[in-house]
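Take a walk through this structure, one region at a time. Keep the sequence beside you as you go.

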Amino acid sequence: MQVLAERGVPLPFGELADAMDIQPVEREFFERRMFAMERDGQVIRNRRGAYLLPAKADLIRGRVQGHPEGYGFVVTDEEGPDIFLGPNEMREVLHGDRVMVRIAGLDRRGRPEGKVVEVLERANTRIVGRVLVENGVTLVVPENRRISQEVLLAPGVKAKRAVAGQVVVVELVEQPTRYAQPVGKIVEILGNYADPGMEIEIALRKHELPFEFSSAAKEQTRRLPDKVRKTDWKGREDLTALPLVTIDGETARDFDDAVFCERQGRGFRLVVAIADVSHYVKVGSALDGEAYDRGNSVYFPRRVIPMLPEKLSNGLCSLNPQVERLCMVCDMAISMTGAIKQFRFYPAVMFSKARLTYNQVAAALYEQDAAAIESVGELLPHLQNLDKLFRVLLKARAKRGAIDFETQETRMVFDENGKIAQIVPETRNDAHRLIEECMLAANVCASEFLQTHEHAALYRIHEGPTPEKLAKLREFFAEFGLQLGGGEEPRAGDYARLLEKIQGRPDLQLLQTVMLRSLRQAMYSPDNVGHFGLAYEAYTHFTSPIRRYPDLLVHRAIKAVLAAEKYQPAQEAGDWEQIGLHCSMTERRADEADRDVENWLKCYYMQDRIGEEFDGSVSAVVPFGLFVALDDVFVEGLVHISDLGSDYFHYDDAHHSLVGERTGERYRLSDRVRVQLVRVNMEASKIDFRLIAGPARATERVGKTARDKLPSEPVQETPAKPRRRGAKAGVLEVAQPVDKPKKAKAASKPGAASDSKADAKPAKAKKPGKTSLAGAKKKAKPRV
């Protein structure tokens with residue numbers, strides 16, 4: 001590439017080989033290398049076969065991001081605006097394909113518009129969809145709405161036969177071209193669309209989630225012991241006498257962590273014991289490869305896709321009660337001010353004294369419930385020590401300036417047919433937060449330990465708001481007479497102080513949501529830039545190696561430091577940056593798959609309630625309408641802009657509102673509205689509402705009418721709904737959608753993902769419009 005840049009002209013293969021001083025015996029290998037570079041889009045060949053640099057030919061590489069309406073964008077590899085692809089250009093590519101494009105001009109909105117020059121890599125080999133028969137022609141309509149082209153079933157090709165309406169998996173035998181749609185053959189018939197569990201089967205294949213373990217991984221798992229052996233004790237400390245306990249949700253089955261606390265001098269000793277997964281999952285093994293591909297466990301309603309086989313996740317690694325288990329321990333000395341004075345990591349063997357639940361601990365500690373106190377028995381003094389330490393850590397958290405957003409989680413209750421019978425709010429008590437603070441402390445110690453010893457690792461990073469989002473946030477708050485401190489680089493403490501200032505306001509939900517959406521997405525990276533939301537200079541994930549691969553990497557790195565060695569991962573040639581990108585991708589993939597399943601289940605739940613009226617709040621404002629979250633049903637749907645009234649409504653991004661041109665009618669985030677359910681689209685997993693009553697406030701007229709000349713009355717805001725029981729202060733890490741909502745996924749509302757510790761079974765669905773924070777997947781514990 002340097003030679004091509006220096007010569008400044010396209011070079012035929014022979015001249016390029018001579019310029020590189022390639023010997024005759026090396027030419028075959030050089031030719032292979034040039035072919036690979038051409039395949040990756042690093043170089044291209046012109047019609048004469050000469051090599052040149054794409055940039056010199058004004059060509060841009062990137063990945064296609066499709067849109068359900070048939071157009072798309074190219075998200076470029078280098079920094080720069082996305083490139084619009086019209087429907088004609090999208091005919092020869094599918095969502096996810098890597099392409100080389102040339103800027104052909106500007107579209108009607110002034111965005112750069114591209115023309116596909118070459119398809120570098122095809123992303124789709126198999127597609128899940130529904131069979132459709134039209135005029136004797138059999139097609140498959142992809143479930144992934146970003147793939148807008150239907151797949152034609154190849155005639156005469158030996159394949160499985162399906163009937164119209166069935167859900168199938170097709171293997172593409174011909175990719176699309178400018179003149180022909182993709183062609184495929186059916187390789188798997190999943191069943192009928194409404195079959196129990198079909199929504200999960202579709203999501204697994206649509207998002208390409210690995211859900212079956214390889215034969216090598218199964219064989220490796222089979223050879224593992226069923227319990228801790230005496231030989232496993234070598235080099236480990238004996239903590240079997242220490243009254244360690246696990247505290248999780250009622251339906252949890254995989255227990256990553258156990259805790260113990262005692263008074264030590266004027267402070268506390270906190271012991272956090274984490275399952276030692278790295279002892280059983282060796283670097284570069286089949287199990288290690290499977291765990292890396294998954295990246296994390298995926299918690300669907302009523303089904304879990306584990307990162308590790310069940311023998312490990314629910315058995316040998318899980319810190320089950322009354323059995324010996326191998327663990328990695330973070331042993332901390334914490335002062336009465338919440339400062340971690342010293343800590344030590346070491347491998348150990350433990351014996352969990354009890355499997356406790358959040359509700360059980362909360363009842364014993366805070367409600368003085370006699371039955372709960374009796375059930376914990378002699379463990380009560382240790383739980384009381386944990387609670388005292390929790391109060392100390394809470395004060396330290398507030399002093400540090402960590403952000404706490406009030407959020408509401410929900411839980412789906414299912415009937416015997418596997419469909420939603422009810423959606424109920426999930427109460428988060430102080431026992432949840434107690435464990436959360438213990439996990440935060442251990443994670444911080446892990447990051448400090450690895451930083452001090454200068455060992456590479458994956459950090460959980462969360463950067464502050466971008467300058468653009470910060471400017472919009474300040475402009476928005478200025479209208480309310482509020483100001484975010486910190487100048488051009490605010491800290492988490494500035495957010496926390498502003499959040500405290502707006503408590504009790506009737507527009508709290510509006511202001512809090514706007515603050516939340518100004519923050520960036522948390523991700524994994526070897527470059528530590530700190531954690532903005534939690535107000536930590538360094539933070540990593542150490543406490544959930546059963547369900548998160550980054551935690552397993554951190555365990556291995558800590559063990560390597562203890563053994564005076566260096567750990568290099570087997571994946572991606574040891575490139576920590578690529579591993580971080582992969583783990584961030586698998587986390588987002590799991591969230592998107594879970595969201596798809598929940599949306600489908602909610603549509604199924606609502607389809608028999610068409611015509612009913614509901615109260616709710618505006619949870620998102622987009623150019624084409626309002627998303628409304630219903631109060632007691634915890635379901636979200638769209639009021640299309642055409643249903644808002646006889647006016648031209650304009651989208652105001654800075655103020656999160658739609659404003660009528662003639663009437664001045666304004667609809668904005670968190671407004672209270674009443675809607676009627678008018679349509680449920682099961683195929684697209686969409687719910688449509690009709691506006692019955694808007695927010696009860698005076699409208700702002702913008703037309704020149706006699707009425708406008710009268711003295712204006714002050715605007716009356718509808719008081720916000722009182723805080724529900726169970727509303728909680730969430731942890732703080734924001735995970736917003738990677739896709740650009742205005743471009744590639746206009747139908748998606750902005751949101752955030754939670755970084756809670758995950759509970760498999762009672763799948764939690766976030767209440768639309770309220771957002772929990774931070775990262776991997778659900779357990780009943782908060783993800784930190």
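Predicted model: local features only at pLDDT ≥ 70, side-chain atom pairs only at ≥ 80, totals over all residues.

β8 and β9 pair in the antiparallel sense, over 6 bridges. Across this pair, V133 stands opposite T138 in β9. The two strands form a hairpin, with 2 residues between them. In that turn, N135 has a positive phi of about 55 degrees. Move on to the next pair. Strand β9 (residues 137-142) also meets strand β10 (residues 151-153). This pairing is antiparallel too, over 2 bridges. Here L139 stands opposite L152 in β10. As a general point, side chains in a regular strand alternate between the two faces of the sheet.

L386 lies in helix α11, residues 380-400. Is L386 buried or exposed? Its relative accessible area is 3%, so L386 counts as buried; the cut-off for that is under 20%. Which residues does L386 touch, leaving aside those up to four places away in sequence? They are V259, C261, L270, L434 and C438. Take V259 as one of them. V259 and L386 are 127 residues apart along the chain, yet their C-alpha atoms are separated by 8.6 Å.

Next comes a pair of helices. Helix α13 covers residues 467-478, and helix α15 covers residues 508-517. Their axes come within 10 Å and cross at roughly 165 degrees. That angle is why α13 is roughly antiparallel to α15. The crossing of α13 past α15 is left-handed. Which residues make the contact? From α13 come K469, L473, F476 and F477. From α15 come L510, L511, V514, M515 and R517. In general, an α-helix has 3.6 residues a turn, so residues three or four places apart point the same way.

Go on to helix α16, residues 549-562. It has 14 residues. From its first C-alpha to its last it reaches 20 Å, close to the 20 Å expected at 1.5 Å a residue. How many of its residues are buried? The count is 12 of 14, and α16 is mostly covered. The buried residues include Y549, L552, L553, H555, R556 and V561. Just after α16, A564 takes a positive phi of about 55 degrees.

That backbone angle leads to the last stop. Most residues other than glycine have a negative phi. R302 is not a glycine, yet its phi is positive, at about 70 degrees. R302 sits in the loop between β17 (298-300) and β18 (303-305). Its relative accessibility is 38%, so R302 counts as partly exposed. H656 is not a glycine either, and it has a positive phi of about 50 degrees. Find H656 in the loop between β30 (649-652) and β31 (657-660).

Notes: Residues numbered from 1 in each chain as written. Heavy atoms only, no water. Helix = DSSP H or I, 4+ residues; strand = E, 2+ residues; numbered from the N terminus. Expected span 1.5 Å × (residues − 1). Buried < 20%, exposed > 50% of the residue type's maximum accessible area, 1.4 Å probe, protein only. Pairing = 2+ DSSP bridges. Axes fitted to C-alpha atoms, helices over the stretch in contact; angles between N-to-C directions. Parallel < 35°, antiparallel > 145°, perpendicular 65-115°, else oblique. Left-handed = near helix turned anticlockwise from the far one by under 90°. Contact = heavy atoms within 4.5 Å.
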